[in-house]
Amino acid sequence: MATPRTPPRLSGRALRAAVAAAESPMVGRSFKQLMFRQLGLEALMDVDLSGTDVTPTTLPSPHPPTGAETREDHGTADVSSPDRA
Amino acid sequence: MAPPTFHRPTARDYVARYRDGQLTPTEVARRTLRAIEASDREHGLTAFVAVDRERILAEAEAATRRYADGSPLGPLDGVPVAIKDEFDLAGYPTTAGCAWRRDAPPRDRDSTVCARLAAAGVVRMGKTHMHEVGLGGTGINPHYGTPRNPWDVSRIPGGSSSGSAVAVAAGLVPLALGSDAGGSIRIPSALCGVSGIKPTYGRIPGTGGSLLAWSLDHLGPLGASAADLHAFLQATWGPDGHDPAATEQPAPGALEPLDPGDLSGLRLAYCPTFGMDGQPEVVAQFQAVISELRERGARIETVTLRWREQIQPVGYLTLCTEGATSQREALQRHRSAMGGDIRLILNVGSRVTAVEYLHAQRIRRLIRDELVALTADYDAFLNPTCATVAQPIRADAARTGEVDDAVSGPLSAYTFAGNLSGLPAVSVPIGTLDEDGHRLPVGIQLMGSAWSETRLLSIAAALEAMRPMPSPAVFYDILA
């Protein structure tokens, strides 16, 4: 994934033209698809999940969130020793 | 590797000077203010966007009095810490790197993280520059200027926590607050040769932050050492009752002192097809560390990642879509004041359909489950933090912003894994390589299971001892 997939380098005038295209009601959608293709997102849409029973996650919730404690536990730093850090 | 003749002052060094009476927080704050000015004047570093001298000296004087009274608040009392300009700090506006926020009024209250730093006695040393709205890995900001990499001031610092990384790397502060939605703590840490941690999702509440992408954003520190990162984490972790992402969680325990000469207790893993396709010299540095860890007794296994090729695309899609949503009103009202790169990415994100976003989130679930299972079996999963070292800043990119996957793609190629999964990830400098007559840092990333920050930072501390870093070309020793 480190190998760049897209040759265009957009800055200066080229970037301004790209912004105009992206904001255009006429070509904005096509421009999005171009960006998708160049950034590998089109291939992402081709991933077939039909054999999987996977629900989307919209918030990461790494588990297990065990050993719950509260903030009160933490204000008792031992300041007598700099090694406490 | 350069000889280990350089010691980067840590927060612990600052506190030791205060305790033995060699220095006071007030004197250190004065020196830091002078060094910030000098770093701009002499080298154009521009790490800081706003520095309120009176507020800083008031906080430093309060810390000085506590030491004089024999009642310091803890291991960070009187330590200067820079604040990324994405988080509210009373008395300062929060611009998040946006030109349209340039004249925003000062905030009247602290963000949760800044309030907790104040409670720990920290001297909040002003606000640092950042990539506009945090949406970019280079740190290039056409509105406020691009902070310069202290290893080579013609190169990017990395972003989005660009000023925070530069401030730590140049020795201006030992710690700085950053945030990370796709690598924004770890990328600039790696490119500037300092340590940085993106903790577990929800570890530090984002309340009072102008954040970008709800499901990807993490707060965390960049610092002079792993021990400093740990001290920061201890001062700022835990729910605040406002940020729904910051739920009940275990406390970070004490650092485990690992013997860098004998790491036989460690079980580590890396994937030969994830992280080995970058700049050859970066890969070589990473492989050298793997060999060195093995020589010191660590058990290192290779693993496969089925969903590795989807990690960065899912990260991109999630980031640009959530970013377009969080910045929706700003894009409608202030688009002409936005940098071209931000405007372009947000417009593309605005056109992502719900079906596309949710399809990506289904794949994200598979990525997350795979990484959660992997990190359950090992102390850490390793890869280079970035696939390249810092690249030069091009003149027109500095003027308008830049969208260039050849530059930004290799920066976040491996970092998104931590954001998509919510698992903690640390970047530690492991050496430098020579390019165009400059030494440029390389970082290694360690990712672990949920809430395992202390274990990761203990390993990071051993790596710091194993691979001491030379000094950057631009460095100010505040304690000297």
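**View 1. Helix H5 of chain B and what covers it.** In this predicted model, all eight of the eight residues of helix H5 (residues 162-169) of chain B are buried, so the helix is largely enclosed by the rest of the structure; buried means under 20% relative accessible area, exposed over 50% and partly exposed in between, with a 1.4 Å probe and protein chains only. Helices (H or I, at least four residues) and strands (E, at least two) are DSSP runs that are numbered from the N terminus. The buried residues are Ser162(B), Gly163(B), Ser164(B), Ala165(B), Val166(B), Ala167(B), Val168(B) and Ala169(B), and their cover includes strand E1 (48-50), E2, E3, E4, helix H6 (186-192) and E6 of chain B. Just after H5(B), Gly171(B) takes a positive phi of about 85°. Residues are numbered from 1 along each chain as its sequence is written, while chains are lettered from A and ligands numbered from 1 in the order in which they are written. Because the model is predicted, local features need pLDDT of at least 70 and side-chain atom pairs count only at pLDDT 80 or more, whereas totals for chains, interfaces and linings use all residues; side-chain values use heavy atoms, with hydrogens and water left out.

**View 2. The loop between E3 and H5 of chain B.** Most residues other than glycine have a negative phi, and most peptide bonds are trans. In this loop, which holds Ser160(B), a cis peptide bond joins Gly159(B) and Ser160(B), with omega at about 15°. Val133(B) lies in the loop between E3 and H5 as well, and its phi is near 50°, a positive value in a residue other than glycine. At 3% relative accessibility, Val133(B) counts as buried.

**View 3. Helix H4 of chain B and its surroundings.** Within helix H4 (residues 112-119) of chain B, the residues Thr112(B), Val113(B), Cys114(B), Arg116(B) and Leu117(B) are buried. They pack against strand E2 (80-84), strand E3 (123-128), strand E4 (175-180), strand E6 (218-223) and helix H7 (226-236) of chain B, where contact means heavy atoms within 4.5 Å. H4(B) is followed by Gly121(B), whose phi is positive, near 90°.

**View 4. The largest nonpolar core, and another apart from it.** A nonpolar core is a set of buried Ala, Val, Leu, Ile, Met, Phe, Trp, Tyr and Cys residues joined through side-chain atoms within 4.5 Å. The largest such core has 94 residues, and those with the most contacts inside it are Leu172(B), Leu268(B), Leu293(B), Leu382(B), Ile444(B), Leu446(B) and Leu463(B). Helix H16 (residues 453-466) of chain B gives the most to this core, with seven residues. Apart from it lies another core, of 66 residues, among them Leu41(A), Leu371(B), Leu374(B) and Trp451(B). Trp451(B) sits in the loop between strand E12 (438-447) and H16 of chain B, where it is buried, with a relative accessible area of 12%, and has a positive phi of about 65° although it is not a glycine.

**View 5. The packing of H7 and H16 in chain B.** The axes of H7(B) and H16(B) are 8 Å apart and the helices pack at an angle of about 160°, which makes H7(B) roughly antiparallel to H16(B). Axes are lines fitted to C-alpha atoms, for helices over the stretch in contact, and angles run from 0 to 180 degrees between N-to-C directions; angles under 35 degrees count as roughly parallel, over 145 as roughly antiparallel, 65 to 115 as roughly perpendicular and the rest as oblique. Ala226(B), Leu229(B), His230(B) and Leu233(B) of H7(B) meet Glu453(B), Thr454(B), Leu457(B), Ala460(B), Ala461(B) and Glu464(B) of H16(B). By class, this contact has six nonpolar, two polar and two charged residues, where Ala, Val, Leu, Ile, Met, Phe, Trp, Tyr, Cys and Pro count as nonpolar, Asp, Glu, Lys and Arg as charged, and the others, Gly among them, as polar.

**View 6. The crossing of H9 and H11 in chain B.** Helix H9 (residues 308-326) and helix H11 (residues 340-350) of chain B have axes that come within 8 Å and cross at roughly 95°, and the two helices are therefore roughly perpendicular to each other. On H9(B) the contact is made by Cys320(B), Thr321(B), Gly323(B) and Ala324(B), and on H11(B) by Ile345(B), Leu346(B), Gly349(B) and Ser350(B).
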